[in-house]
Amino acid sequence: MGISKFMILLIMLTVAFLFVEKDYLVQSITKEKKPRVSFVDSTMYEISETRVNQIVKSKQADIYKNKEELIDATVIAKVNENNYDTNIASSQNMLKIGDKIVLNNNVNLQLSNGVNIKTEQLHYNLKTQIAHNEVPFVVTRGSDTFIGNSLFINSVTEELKAKNTKFRMKVENNE
């Protein structure tokens, strides 16, 4: 008799617990990406067996698994193996993924052939040496100045394309 009353009480408690509202404590897992390494006022060198390929200077560098975020940065990259010519890219904010760089805010790209590009946003590939953007820019080379939108420049073939371009060229008389 005591066991049957215990079993009935146990069943009633079980049913009561089924209908009682419970607060579940659920842990949410945030996958906030944290940099593997962070540097302040750093200079990084990419060195092969025979030469320095590129130098990266920055006020702050956050290095993740697949990318680098740089603040107030300058990248000095060799044009090719056979000479000492360099291309220099600098900006306030830089995202570097492999050989591709996205430059934002006060962008300045100085190419080895004397071309100087100033803009607010630019995509640049260190290997192919191709730069492009969709915002206004100013390109100077010697005394020539080009102003426009939607820049595409290949520094290897010296090909330059742009939209809404205005240019000023100094022409010399050979008389």
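User: In which strand does Asp41 lie?
Analyst: This is a predicted model in which local features need pLDDT of at least 70, side-chain atom pairs count only at pLDDT 80 or more, and totals for chains, interfaces and linings use all residues. Residues are numbered from 1 along each chain as its sequence is written, and side-chain values use heavy atoms, with hydrogens and water left out. Helices (H or I, at least four residues) and strands (E, at least two) are DSSP runs, numbered from the N terminus, and on that assignment Asp41 lies in strand β1.

User: Does Asp41 count as buried or exposed?
Analyst: Burial is judged by relative accessible area, with buried under 20%, exposed over 50% and partly exposed in between, using a 1.4 Å probe and protein chains only. Because its relative accessibility is 55%, Asp41 counts as exposed.

User: Which residues does Phe39 touch, not counting residues up to four places away in sequence?
Analyst: Phe39 is found in strand β1, residues 37-47, and at 33% relative accessibility counts as partly exposed. A contact means heavy atoms within 4.5 Å. With residues up to four places away left out, Phe39 touches Met44, Lys59, Gln60, Ala61 and Ile63.

User: How is Tyr124 classed, buried or exposed, and at what relative accessibility?
Analyst: Tyr124 lies in strand β6, which covers residues 115-125. Leaving out residues up to four places away in sequence, Tyr124 touches a set of residues including Asp99, Ile101, Leu103, Leu111 and Ile130. Tyr124 counts as buried, because its relative accessibility is 4%.

User: What distance separates the C-alpha atoms of Tyr124 and Asn154?
Analyst: Along the chain, Tyr124 and Asn154 are 30 residues apart.

User: Why does helix α1 lie largely in the open, and what number of its residues is buried?
Analyst: Helix α1, residues 2-19, has 18 residues and reaches 26 Å from its first C-alpha to its last, close to the 26 Å expected at 1.5 Å a residue, where the expected span is 1.5 Å times one less than the number of residues. The helix lies largely in the open because, of its 18 residues, the number buried is zero.

User: Which residues are closest to the centre of the largest pocket?
Analyst: A pocket is an open set of points on a 1 Å grid over the protein atoms alone, where a 1.4 Å probe fits, with protein on both sides within 12 Å along at least five of seven lines, and lining residues have an atom within 4 Å of a point. The largest pocket has a volume of about 260 Å³, a volume being the space filled by probe spheres set on the points. Of the 13 residues that line the largest pocket, those closest to its centre are Arg51, Asn53, Lys78, Leu126 and Lys127.

User: In what order do the elements of the chain run from the N terminus?
Analyst: The chain has one helix and 10 strands, and 29% of its 175 residues count as buried. From the N terminus on, the order is α-β-β-β-β-β-β-β-β-β-β.
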